[in-house]
Amino acid sequence: MNAGGWVFIILSWGFIILLCAYCLYKIFSKKKGLD
Amino acid sequence: MAQESRQAWGSKLGIIMAVAGSAVGLGNFLRFPVQAAQNGGGAFMIPYFVALLLLGIPLMWIEWSLGRFGGGFGHGTAPGIFHSLRQKNRFIKYFGVIGIFGPLVILVYYTYIESWTLAYSFFALTGKYAGATTQAQLQSFLSAFQGLESNQYFNSLRTAYIFFLATFALNIFVLYHGIKGGIEKLCNVAMPALIIFGVLIAARVLMLGAPDPLKPGWNSLNGLGFLWNPDLTMLKDPKVWLAAAGQIFFTLSVGIGVILTYASYLKKTDDVTLSGLTAAGMNEFAEVIIGGSIVITAAFVFFGPSGAQEVAKSGSFNLGFVTMPAIFCRIPLTAVFGFLWFLMLFLAGVTSSVSLSQPAVAFLEDEFNLSRKKALAILTVVFFVLCQPAIFFLGKGVVDEMDFWGGTFCLVLFATIETILFTWVFGMDRAWEEMHHGAALRIPGAYKFIMRYVTPLFLIVILGSYLLSDNGRNRILMAGVPEENRPYVLGTRLLLLGVLSGLIILVNLAWRKRRAHPGQGGGK
């Protein structure tokens, strides 16, 4: 795998893992909606 | 009143799991890696994420919001939901027929394909295909199993039909137990199990190293590179951008009508923004991280760069049912990993197929005030009858035809219609307010512009490109269909037209009934 492959894998996987972690954190930490 | 007797989800996580379960299907593990490998590798992820942000996530929010809005009026399917958007318009509900027709058509062939994964997980455990170890042998095994030829492995469709019946019965069993007791329970178990199986298989593939000491370059890292090394020149090709948009569209299960129905069982104050984003995130985890690590990487390790190229070109089915068993035959614990692979695909399939069934059941319950048992009994008969052509005439182009109309054309058309209705007819300001009722996440203001202009434009471009492409035009004009298959393809079109007409008549009847007996209708 070349450097470009590493860059794309780290950015793609990183974005998705952060998105999932953020969403799950918000779900389990937030009790009520914005209203 | 129907609304009081409508079912409800047991928990917030339950509906997120169910929507993610609907989205995660065979395409995540079989279609995505092929699309990425053929469209620029890592560079494919640029248009892919652009499409996710401009098309996939906005559509998720639109469908969740529309579904919850319609549910508040006692409607769980698109005809009633669209009617709720503008009650004075007599015709708007008919656009919603596509939101019942599409999932029903997909359900018919998807359930049969799902039954293959159940059968293959059984074959993996019992060693039934162990005698077939090369790709050519496994291709013969698959063809005979599908009834396309008779050979030493199978001489009739009997085995495939038994597994179809088992899969069919399991789907009906889950639906019989309803939203909370059936679908939610299934998805709460199946989704975590699917992720665990996927991570286990991906980890095994990534730890294969270089199994052949004579070919040290055929290793898992280079296999990953085969899929992920970017070819940035491909970004100049509009087809790559359309392929990425198509992949995002199909992977998230938007434009089918399923999310509308699932979200209709939410309460007015339940969040849709964070839930929709979470379901999309879970789907992307399954697709990009798990799906992007398994099949192409494994094919490269055992068959080399040219072999992996051939495999990617051979299509999703061959990848799943021919290449992967051939690979598992070459690693220790063949039965275990073969079983886990097909069980993972089966779990992805069954969580999708129950979601595809629900719109038809909800339509009968909500609009005709039928009990769940009666609605399910009607669906069972219709579903079973419609499955038969897909099973017995698989080799005649019936499934391809159903996939084009139900699984491709109707999806894009329906998504375009619902986006325009929600953001233009209902109005962007009201739509924005509706999305933020009970929201646990405020959507960035830029999405007002994106949902109103960019998403519909994106969808119109996809729809136009499908219709104008050689593939779409040839499909519509039946060019390339062998002469002997033409009656079957025409018959399928007539069957689909019959189903669509039947649904239009049912919508008409439901609203006539409501006008005649205002207190007895399902929705408002």
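Guide: One term to begin with: contact means heavy atoms within 4.5 Å. Also, this is a predicted model.

Visitor: OK. Which residues does B:Thr408 touch, not counting those up to four places away in sequence?
Guide: B:Thr408 touches B:Phe250, B:Asp403 and B:Tyr466.

Visitor: And where is B:Thr408 placed?
Guide: B:Thr408 lies in helix H19 of chain B, which covers residues 398-425.

Visitor: Is B:Thr408 buried or exposed?
Guide: B:Thr408 counts as buried because its relative accessibility is 15%, and buried means under 20%.

Visitor: New topic. How do helix H1 of chain A and helix H14 of chain B cross?
Guide: Their axes come within 9 Å and cross at roughly 145°. H1(A) is residues 3-29 and H14(B) is residues 273-291. The crossing is left-handed.

Visitor: What kinds of residues make that contact of H1(A) with H14(B)?
Guide: They divide into 14 nonpolar, three polar and two charged. On the H1(A) side they include A:Trp13 and A:Ile16, and on the H14(B) side B:Phe285 and B:Val288.

Visitor: Which residues touch the most other members of the largest nonpolar core?
Guide: That core has 202 residues, and B:Phe29, B:Trp64 and B:Trp228 are among those that touch the most other members.

Visitor: Which helix gives the largest share of this core?
Guide: Helix H17 of chain B, residues 334-368, with 19 residues.

Visitor: Back to B:Trp228. What is in contact with B:Trp228, leaving aside its neighbours within four places in sequence?
Guide: Residues from chain A, including A:Met1, A:Phe8 and A:Trp13, and residues from chain B, including B:Met45 and B:Val288.

Terms used: Residues are numbered from 1 along each chain as its sequence is written. Chains are lettered from A and ligands numbered from 1 in the order in which they are written. This is a predicted model: local features need pLDDT of at least 70, side-chain atom pairs count only at pLDDT 80 or more; totals for chains, interfaces and linings use all residues. Side-chain values use heavy atoms; hydrogens and water are left out. Helices (H or I, at least four residues) and strands (E, at least two) are DSSP runs, numbered from the N terminus. Buried means under 20% relative accessible area, exposed over 50%, partly exposed in between (1.4 Å probe, protein chains only). Axes are lines fitted to C-alpha atoms, for helices over the stretch in contact, and angles run from 0 to 180 degrees between N-to-C directions. A crossing is left-handed if the near helix is turned anticlockwise from the far one by less than a right angle, and right-handed if clockwise. Ala, Val, Leu, Ile, Met, Phe, Trp, Tyr, Cys and Pro count as nonpolar, Asp, Glu, Lys and Arg as charged, and the others, Gly among them, as polar. A nonpolar core is a set of buried Ala, Val, Leu, Ile, Met, Phe, Trp, Tyr and Cys residues joined through side-chain atoms within 4.5 Å.
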